Amino acid sequence: MRLVIARCSVDYVGRLKAHLPLATRLLLVKADGSVLVHSDGGSYKPLNWMSPPATLRVSSPEDVDLELGVVEQWTVQSAKTDDRLIINIHEKLNDSSHDLGVDPGLIKDGVEADLQRLLAEQIETLGEGYSLIRREYFTAIGPVDILARDADGATVAVELKRRGDIDGVEQLTRYLELLNRDPLLAPVRGIFAAQQIKPQAKVLANDRGIDCVTLDYDAMRGVDDVESRLF
């Protein structure tokens, strides 16, 4: 991973257009080809980014940019679309590279891991006509628990928790923002699934157009004896 702290301006050009004026920012260049632009605020969410697969080209600025103080220009080109991330660097304050090795990935606790496996095997729990695309669908900001298609063929991203709270909804929101940039997947809607979902999380999910599904872990494991229930 390459970490660059620089005074820079950033332009996203393509289906969407966005401009970040000149400021000091952290640029992350990952081995998978993704490039993320961070500020010192805003928690962990990047200000802008380019998802992999992508290529980074570093070039000398043109005369008009030189006059504005640009010393180096980065062009991050998406391999799937015409989208580009153009970073005009005015000054580098730090530039370092680090080999992080192979990451083992997020290890979920036993219940969450089982829920993911069981829901993938019983994807129709989400609704009639659903089909599984894959578990652990990789993105530049982490793996989506389950990616599926609904009965109409639309893409659905599922975030699984044992206990669903606001943080889980925020996590799924970030995944949806990223996935909806991919024309091969968009439009992508979200489902927040958990054994228990807090009322505040349901309100936030509803406000963001995300469906909530409460999962019966015992029933999915086949150990819930419905006939023996009193209610």
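Mentor: Let us start with P53, which is placed in the loop between β4 (48-50) and β5 (54-59). Helices (H or I, at least four residues) and strands (E, at least two) are DSSP runs, numbered from the N terminus. The model is predicted, so local features need pLDDT of at least 70 and side-chain atom pairs count only at pLDDT 80 or more, while totals for chains, interfaces and linings use all residues. Residues are numbered from 1 along each chain as its sequence is written, and side-chain values use heavy atoms, with hydrogens and water left out.

Trainee: What kind of peptide bond joins P52 and P53?

Mentor: That bond is cis, with omega at about -5 degrees. A cis peptide bond with omega of about -5 degrees also joins A186 and P187. P187 lies in the loop between α3 (166-179) and β11 (188-197).

Trainee: Why is D82 called exposed?

Mentor: Exposed means over 50% relative accessible area, buried means under 20%, and partly exposed lies in between (1.4 Å probe, protein chains only). D82 has a relative accessible area of 67%, and therefore counts as exposed. D82 lies in the loop between β6 (72-78) and β7 (84-97). Contact means heavy atoms within 4.5 Å; not counting residues up to four places away in sequence, D82 touches V13 and Q77.

Trainee: What makes the charged end of R181 sit over the ring of W49?

Mentor: The definition asks that NZ of Lys or CZ of Arg be within 6 Å of the ring centre and within 35 degrees of the ring normal. The charged end of R181 is 4.0 Å from the centre of the W49 ring and is listed as sitting over it. Likewise, R221 lies over the face of Y217, at 4.3 Å from the ring centre.

Trainee: How many aromatic pairs does a search of the whole structure find?

Mentor: The search finds zero. To pair, rings of Phe, Tyr and Trp (its six-membered ring) need centres within 6.5 Å; planes under 30 degrees apart count as stacked, over 60 as edge-to-face and the rest as tilted.
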